[in-house]
Amino acid sequence: MKKYKFTNNLGLKIMALVFAALLWLIVVNIDDPVETTTFRNIDVTVQNTEVVTNEGKTYKILDDTQKVSVVVRAKRSVLAKLSSSSIIATADMSEMQISSLIPITATVPGYEGKYTAEATPGNLKVKIEDQTKNPFPVNVSVTGIPRDGYVVGNTPTNPAKVTVSGAESLVNSIDKAVAKVDVSGLSKTTVLQAELTYYDSNGNPVDKSQLKDNLGEDGITVEVEILNTKSIALNFNVMGTPEEGYVYSGLTSEPERIQVCGTAEALSGFTELDVPASEIDISGATGKLEKTIDIVPYLPDGIKLVDETANNVVVTVSIEQEGTRTIELLAESIRVINVQENLRVSFEDNTDIQLQFKGAQEALEKLDVKNVVYIDLKTYTKPGTHEVPVNVDLDMDGANGSNIVLLKNPTVKVTLTEKDEKEEQNVTKEE
């Protein structure tokens, strides 16, 4: 029987083995090829900071190099399992070069020997500085809107100030510390956890990641006071007497009511703000007076304006010759009669009509023209803008116009426009 030896055709056997290995590599690389993937916004962790801090110094990271992109080269099956959170980027202070550059190393724990990784930028840029600390009062920034009928009152913070430490240039760049709270939907006084942000003199946020404060784990809180709101009428009094032959015929104010806020107890029973007569002196007056009055000094304790900039009220005082009275009405408040069915009526916004009457002073003081002023559009049949005379029917019930005459019929500018077919149909249905 013929015996075969392992050494027979050894060259061919070695060639076959090499070919099989190459074939296996080709198959593996076709099925699971090596590829590259870039992972972005990886935070750089600084190690061995005591190299700097033990000398009483600190550091400031420059040029936004604290976040890097990492290019990982590995087999497709490995890359498929990775995410940005899988990557760790570190900068070791002990390897700092020329006192400003620290090489950044990127690693993927758990996959040692199965990848290569390179960070961009490759160095963390730092500036070594003296340490400093400064105290800053805490301001409050409120976002959101409380529940209807409520407003935000006082917003004290706890603590009232914060001490910030870090690189001298960074700390000195802080202009103010702001605690941000959201008051959306609040209807009672509440203590809220706040987010603290630092701003420079240009209103830009200062990077907090390189700063420390004395707040500890409790952070900063804001006690948000929630106050009730109320609409209050204004009541003005006058002092003095006009020139002989003239009478005081009333006053108007803009606005007529104000919005105030306070606790429910403080607002209870408060329906009208009385402004003392000393603010409006009509002694010797012979015509209309106008005065701007700051009403804040007359608000009761514990009550303030919802809009603190709305403290000035314009008061117009009417002084007229005895036996006359002038009444002002908004054009929109007068009646319109005999308007054509195909026309729509409109007035200029905020147009006033002045009606001057003459008669017995006692009758003039009782005169009420709210429902007796009208315009008649019977003869105005075409679209356009028209000057229409204003009529006053002093004989109507409630006018109390006995022995009173209108000195002059004013006019009002009226614009007539055609209705579309749909509007006309709706009018017909209503009729």
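# Salt bridges and pockets

Asp130 is partly exposed, with a relative accessible area of 37%, where "partly exposed" stands between buried (under 20% relative accessible area) and exposed (over 50%), judged with a 1.4 Å probe and protein chains only. The structure is a predicted model, in which local features need pLDDT of at least 70 and side-chain atom pairs count only at pLDDT 80 or more, while totals for chains, interfaces and linings use all residues. Residues are numbered from 1 along each chain as its sequence is written, and side-chain values use heavy atoms, with hydrogens and water left out.

**Salt bridges**

- Seven salt bridges are counted in the model, each one a side-chain nitrogen of Lys or Arg within 4 Å of a carboxyl oxygen of Asp or Glu.
- Glu279 sits in the loop between strand 18 (272-275) and strand 19 (289-294), and Lys291 sits in strand 19, so the parts tied together are 12 residues apart in sequence.
- Glu279 counts as buried at 18% relative accessibility, while Lys291 is partly exposed, with a relative accessible area of 35%.

**The largest pocket**

- The largest pocket holds about 940 Å³ of space, a volume being the space filled by probe spheres set on grid points that are joined across faces, edges and corners.
- A pocket is an open set of points, on a 1 Å grid over the protein atoms alone, where a 1.4 Å probe fits and protein lies on both sides within 12 Å along at least five of seven lines, and its lining residues have an atom within 4 Å of a point.
- Its lining is made of 27 residues, of which Leu251, Thr252, Ile327, Glu328 and Leu329 lie nearest the centre of the largest pocket.
- Strand 16 (246-254), strand 21 (312-321), strand 22 (324-330) and strand 25 (352-358) are the elements that give two or more residues to this lining.
- The lining of the largest pocket divides into eight nonpolar, nine polar and 10 charged residues, where Ala, Val, Leu, Ile, Met, Phe, Trp, Tyr, Cys and Pro count as nonpolar, Asp, Glu, Lys and Arg as charged, and the others, Gly among them, as polar.

**The second largest pocket**

- The second largest pocket contains about 410 Å³ of space.
- It is lined by 16 residues, and Tyr59, Ser209, Gln210, Leu211 and Lys212 are the closest to its centre.
- Two or more lining residues of the second largest pocket come from each of strand 1 (34-47), strand 2, strand 10 (161-167) and strand 13 (211-213).
- Five nonpolar, eight polar and three charged residues make up the lining of the second largest pocket.

Methods
Helices (H or I, at least four residues) and strands (E, at least two) are DSSP runs, numbered from the N terminus.
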